[in-house]
Amino acid sequence: MAKGRWSGVIAAVVLVAGAMAPVAAQGDKVKGEKVYADLKCSMCHTLGTGKKMGPDLAKVGSTRDKAWLAKYLPNPKGENPKNKMPAAKAKGADLDNLIAYLLSLK
Ligand code: HEC
């Protein structure tokens, strides 16, 4: 199926181009704060009052970068299957916004 193969190639090119674009989708940290609240991240994380079930995220913006968070949040068990953190149920713009919010915590 030549047609199918080409659309796959085109999709891959578009994805790579998107990943390399200097201004990749910038999240909105104000909206991201709402995503953080809606997804109840605070059940396990505090922002400056110490470790709960998960680590305090008050400074996560200085210790982690966007690429790390984009990989980690949808699949926390990727590196360590024993990780108790559930996958963040945010996709697309919500995930970008959530990451922008976390990166603003320094
Ligand atoms: C059920 C509890 C739980 C919930 C809910 C939860 N987390 Fe976590 N999270 C954890 C635990 C536990 C870890 C530490 C995992 C480890 O390193 O072993 C963690 C780690 C993290 C880390 C990595 C911190 C670092 O620098 O190592 C980030 C970022 C994070 N969580 C963000 C979130 C966000 C955003 C949400 C909401 C979408 C969320 N978490 C919801 C338990 C939770």
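Trainee: What should I know before I start?

Mentor: The model is predicted, and local features need pLDDT of at least 70, side-chain atom pairs count only at pLDDT 80 or more, while totals for chains, interfaces and linings use all residues. Residues are numbered from 1 along each chain as its sequence is written.

Trainee: How many helices and strands does the chain have?

Mentor: Helices (H or I, at least four residues) and strands (E, at least two) are DSSP runs, numbered from the N terminus. Here there are 5 helices and 0 strands, so the order from the N terminus reads α-α-α-α-α.

Trainee: What share of the chain is buried?

Mentor: We count C-beta atoms, placed from the backbone: a residue with 20 or more others within 10 Å of its own is buried, one with 12 or fewer is exposed, and anything in between is partly exposed. Of the 106 residues in the chain, 15% are buried.

Trainee: Which residues of H5 are buried?

Mentor: They are Leu95, Asp96, Asn97, Leu98, Ile99, Ala100, Tyr101 and Leu102. Helix H5 has 12 residues and spans 17 Å from its first C-alpha to its last, close to the 16 Å expected; that expectation is 1.5 Å times one less than the number of residues.

Trainee: At what angle do H2 and H5 cross?

Mentor: Axes are lines fitted to C-alpha atoms, for helices over the stretch in contact, and angles run from 0 to 180 degrees between N-to-C directions. Under 35 degrees counts as roughly parallel, over 145 as roughly antiparallel, 65 to 115 as roughly perpendicular and the rest as oblique. The axes of H2 and H5 come within 7 Å and cross at roughly 100°, which means that H2 and H5 are roughly perpendicular. On the H2 side, Lys29, Lys31, Gly32, Glu33, Val35 and Tyr36 take part, meeting Asp94, Asn97, Leu98, Ile99, Ala100 and Tyr101 of H5. The residues of this contact are 6 nonpolar, 2 polar and 4 charged (Ala, Val, Leu, Ile, Met, Phe, Trp, Tyr, Cys and Pro count as nonpolar, Asp, Glu, Lys and Arg as charged, and the others, Gly among them, as polar).

Trainee: Which residues are closest to the ligand?

Mentor: A residue is near a molecule if its C-beta atom, placed from the backbone, lies within 6 Å of it. In this model 23 residues surround the ligand, and the closest are Cys41, Cys44, Gly54, Met85 and Ala88. The shell holds 16 nonpolar, 4 polar and 3 charged residues, and H3 (60-63) and H5 (92-103) each supply at least two of its residues.

Trainee: Where is Lys40, and what is its phi?

Mentor: Most residues other than glycine have a negative phi. Lys40, in the loop between H2 and H3, has a positive phi near 55°. Lys40 is exposed, because 9 other C-beta atoms lie within 10 Å.

Trainee: And what does Pro76 touch?

Mentor: Leaving out residues up to four places away in sequence, Pro76 touches Asn83, Met85 and Ala87. Pro76 sits in the loop between H4 and H5 and is partly exposed, because it has 17 C-beta neighbours inside 10 Å.

Conventions. Two residues are in contact if their C-beta atoms, placed from the backbone, lie within 7 Å.
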